[in-house]
Amino acid sequence: FVSSTVNERIPETIKFGVVIANVTAIDRDNEFPNNDIRFRLFASLPASEYFGMDSLTGNIYVKKDLTLDTASMYQVSMIVKILGAISPSNNLNLNHE
């Protein structure tokens, strides 16, 4: 990961489908086929209902209308997989106003 922790403020009125953050990982050897990177988001309820992640791009997006939940902060973790090797997880705090 380029950064070990990311904090994002998200307006409660944000539309679902909108990308709210992007996670970047770099494979230092950068040689095919060992530079194939995949992302995965892990979250407990209710965060898993409201946020998703594109496994190819690392984009984190809103899956559901945030006005439907009363939580003001969500914490999610992500894992990057590089051809069978799993790197350490990373944390992302999502706050909505």
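The structure is a predicted model, in which local features need pLDDT of at least 70 and side-chain atom pairs count only at pLDDT 80 or more, while totals for chains, interfaces and linings use all residues. Residues are numbered from 1 along each chain as its sequence is written, and side-chain values use heavy atoms, with hydrogens and water left out.

The protein has one helix and eight strands, where helices (H or I, at least four residues) and strands (E, at least two) are DSSP runs numbered from the N terminus. Followed along the sequence, these elements come in the pattern β-β-β-α-β-β-β-β-β. Of the 97 residues, 32% count as buried; here buried means under 20% relative accessible area, exposed means over 50%, and partly exposed lies in between, with a 1.4 Å probe and protein chains only. The accessible surface comes to about 6000 Å², and 51% of that surface belongs to carbon and sulfur atoms; such areas come from the Shrake-Rupley method with a 1.4 Å probe, and for residues only the protein chains shown count as cover. Among the contacts in the protein with a separation of 6 or more, 57% are made by residues 24 or more positions apart, a contact being heavy atoms within 4.5 Å.

Three strands form an open sheet in the order β2-β5-β4, with antiparallel pairing; two strands are said to pair if DSSP finds at least two bridges between them. Its edge strands are β2 (19–22) and β4 (51–53), each of which pairs on one side only. On average, neighbouring strands of this sheet are turned by 25° against each other, direction ignored, where axes are lines fitted to C-alpha atoms, for helices over the stretch in contact, and angles run from 0 to 180 degrees between N-to-C directions. Strands β2 and β5 (residues 59–62) run antiparallel and are joined by three bridges.

Not counting residues up to four places away in sequence, Val19 touches Asn59, Ile60 and Tyr61. Val19 and Ile60 are 41 residues apart in sequence, yet their C-alpha atoms are 5.6 Å apart in space. Val19 itself is partly exposed, with a relative accessible area of 45%.

Strand β3 pairs with β6 in the antiparallel sense over six bridges, and within this pairing Arg38 has Lys81 in β6 as its bridge partner.

Charged side chains form two salt bridges, each defined as a side-chain nitrogen of Lys or Arg within 4 Å of a carboxyl oxygen of Asp or Glu. In one of them Asp36 meets Arg38, with the closest N and O atoms 2.7 Å apart; Asp36 is partly exposed at 31% relative accessible area, and Arg38 is partly exposed at 35%. The other joins the side chains of Glu49 and Lys64 at 3.8 Å, N to O. That pair links distant parts of the chain, with Glu49 in helix α1 (residues 47–50) and Lys64 in the loop between β5 and β6 (73–82), 15 residues apart. Glu49 is partly exposed at 36%, as is Lys64 at 31%.

Two further details complete the tour. The peptide bond from Leu45 to Pro46 is cis, with omega near 0°, and Pro46 lies in the loop between β3 and α1. Arg9, found in strand β1 (residues 5–10), counts as exposed at 59% relative accessibility.
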